[in-house]
Structures are given as C-alpha cells and as structure tokens.
Amino acid sequence: MINVTKTFLPDQEKYLQYVREIWERGYLTNNGPLLQELEVQLKDYLGVEYLYFCGNGTIVLQIAIKALEIEGEVITTPFSYCATSNAILWEHCTPVFVDIDAQTFNINPHLIEASITPATTAILATHVYGNPCDVEEIEKIAKKHNLKVIYDAAHAFGVIYKNRSLLSYGDISTCSFHATKVFHTIEGGALISNHPELDKKLHLLRAFGHQGDESYHFAGINGKNSEFHAAMGLCNLPHVPEIIAARKDIFNDYDSLLNWNILEKPVMNKDMEYNYAYYPVVFPNEKIMKNVMEALRLEDIIPRRYFYPSLNTLTFMPRQIACPVSEDISERVLCLPLFVGLPHSDIERISAIINGHLLP
Ligand SMILES: *Cc1c(COP(=O)(O)O)cnc(C)c1O
C-alpha cells in the first residue's frame, strides 16, 4: 500500500543509544537534558531566539491563545486542519471565518477588515501547505486594530521567508512535530515567540503554571514532552536538509508528469525557500476527484482529502459563516503521496492513473 505519507525513521541504533542514556539517567520527562538539547538545536537550525518544545501541535495553539490573553472573537481561516479552530473553541473564543485567496489557499487579507468587530482580539492564520500567508498585510491590519497574531505554522518547518524562518513571524507561531510532518518527534510541537517578556510565561504555561513546589503563578496546563520524543527529534533533525531535498525531487516529478491543462495547484509565494511539505492537486470538480480517488484506491494508493471539509461548515461551530472559495477548493483537492523513498516508478504510476481519469 502507498499512503499519502510514510514517517521518516532514523537509524535505529542511534535512537537506541539515546534510549540507553535515558535508562542510565532514570530521568524521563520534565525539561530533561535531551529536551533542552533539542531546543538548543532547533533554535540554532531555525535561527529563532525563543522556542519551547511541547507535547503536540494542538496544545501549543491553546497555550499561545492563553499566553496572549486572547478572548472574544478570533479571525481565522476555514482552510486548515480542525486543530486550528478547535483550539480557539477550547479556549472559549469564537472562531470568525474569513475566506481564503483562490490562488494561495491562505486567508485572504483583503477580507479580514470587514469581519473585525469590537469583540475581535486576534488573527489566527495557517500557512497552508507551508506556503507563507501574506504576513505583511496581516501585520498591518493587526497593528491598525490592535490585534494579536498567531500563525499555525504546523506545515512550515524549515520554510525560509525573506531570509528568516517563517516560524519567526507573528506574536507567536506554533509548529507540529507529529509523525506525518516534514520534521517529527513522533508526537510533538513547538511555540516560537518574538517576545522576551513572554519567555517565563510560556515556560510556566507549558508546565502547570508553577515553579518548584511552592511558587504557583497561574493555571497552566501539561504541555510538556518527554525525553523519548526529544531523542527522536535529535535523531531526525540532522536529516532535515536531505528530507527536504528528497521531497523536492518527488515534487518536481509530479510537476512534470501531471496534466496541468486540467489540474490546478496553489500558487506558491515567490520570496521563500520551500520545504515541500505537501503535494496538493485541485480537480475540475468533486466528481472527477472522487473518480480519481477510487481509481487510486483500487491500486492500494491512498491520497488524502486535505483539507476537507471546510471548517466553517462544521455543524458544531458557533457561527455559520459562508466561505465559498474555501468550500469549493476543499471539495476538489487531494494531497498525493509524498515521502522520502517514494520510488520514481510509483510517481509515474500515480500520475498516469490521475491523468487517465480526468474526463467526466
Ligand atoms: C498537524 C496539524 C496540527 C496539529 O498538530 P498535532 O501535532 O497533530 O496536534 C495543527 N494545525 C495544522 C494545520 C496541522 O496540519
């Protein structure tokens, strides 16, 4: 079977070396030495000053909302994974969906201001597939209306935008290191902030809000991660450049093999170095997309409807807001298999099946 993704696994012996170290120390979690080492290496690799390795890419969204004291209405994108809007709901805020740009699939900055009300306190946008949002325009709007900005940068590990890590934008950016992402720690995530004054707060929020046994500051959460997860990160991080290079080759293969007279894909930002996180293709309509999905499934090839459904259509959202562009794209998009080790012959086979099922 060929799945949409296959987790990169490092040299087993190297991982076991770390595991033996953990056994010897008997120190398994709570800001341990491997976790601290991973944070140092991640800051160095990304070129960011404040980074906190946490349990996953969802809890970091919640911690970010908490840390910035966001309440009321949060402007957000309907074209993301449900973790983005769920985090807003879990923090007792109201997601206000603003439609996406039909070219980039990121939140359309020109529609944001019309959705701002006196209750709006923040913008939470996703860099979809690692393609940078219009961060300049979003920052301008945020300044003008005194809003906080959080980026869900779960897809953006390793992306450089205008000579800086894309994770360094916004008041806080969050990342996911889940096993399906470009860089992973099995489960994991990170908070990246630009605010020295948030440093202590983020540390505390991640670990129940107290220091030692006597100093209790506020209601934090358990957002910690373990030495075993940090060890996986330490094994994987040195491989990131080769992982991105391998993904780029697959990307280029699909680019040259698929029928672009009929298919479409998002327009990528010109000012970035990309991480080749996903390979989305947009079909002319949902019926053709489903025909292709079925044809691939018969060959044991499993693409992913990502993102689907458009989050604004979920029945448990407190406000039903129409987002025609996002609803349209989400019904027609598939992410194709993309992972280190996917053979060229399989890319040819997948492309041939797709090209062969494009007519109604
Ligand atoms: C993967 C992902 C998340 C959630 O990350 P987890 O580590 O699985 O909690 C959040 N947002 C987006 C856009 C994602 O792709």
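How many residues surround the ligand, and which are the closest? In this predicted model, 16 residues surround the ligand, and the closest are G57, T58, D152, S176 and K181. Three of these residues were examined through their side chains. A polar side-chain atom of T58 is placed 2.6 Å from an oxygen atom of the ligand. For S176, a polar atom of the side chain lies 2.7 Å from a ligand oxygen atom. In the case of D152, an N or O atom of the side chain is found 2.7 Å from a nitrogen atom of the ligand. Of the 380 Å² of accessible area that the ligand has on its own, the protein covers 92%.

The arrangement of the strands was considered next. Seven strands form an open sheet with mixed pairing, in the order β2-β10-β9-β6-β5-β3-β4. From one strand to the next, the twist averages 25°.

Both senses of pairing can be followed through strand β9 (residues 172-176). With strand β6 (residues 148-152), β9 pairs in the parallel sense over 3 bridges. Within this pair, I150 has I172 of β9 as its bridge partner. With β10, by contrast, β9 runs antiparallel, and 5 bridges join the two strands. Here T174 has L191 of β10 as its bridge partner. Strand β10 also pairs with β2, in the antiparallel sense and over 5 bridges. In that pairing, Y50 stands opposite S193 of β10.

Is strand β10 enclosed by the rest of the structure or left open to the outside? Because 5 of the 5 residues of β10 (residues 189-193) are buried, that is, under 20% relative accessible area, the strand is largely enclosed by the rest of the structure. In a regular strand, the side chains alternate between the two faces of the sheet. Along β10, G189, L191 and S193 point one way, whereas A190 and I192 point the other way, and all are buried.

Helix α4 (residues 82-90) lies across β3 (73-76), β4, β5 (120-126) and β6.

Notes:
Residues numbered from 1 in each chain as written. Predicted model: local features only at pLDDT ≥ 70, side-chain atom pairs only at ≥ 80, totals over all residues. Heavy atoms only, no water. Pairing = 2+ DSSP bridges. Helix = DSSP H or I, 4+ residues; strand = E, 2+ residues; numbered from the N terminus. Axes fitted to C-alpha atoms, helices over the stretch in contact; angles between N-to-C directions. Contact = heavy atoms within 4.5 Å. Near = heavy atom within 4 Å. Polar contact = N/O pair within 3.5 Å; in protein donor to acceptor, adjacent residues only side chain to side chain. Areas by Shrake-Rupley, 256 points an atom, 1.4 Å probe, with all protein chains shown as cover. Buried < 20%, exposed > 50% of the residue type's maximum accessible area, 1.4 Å probe, protein only.
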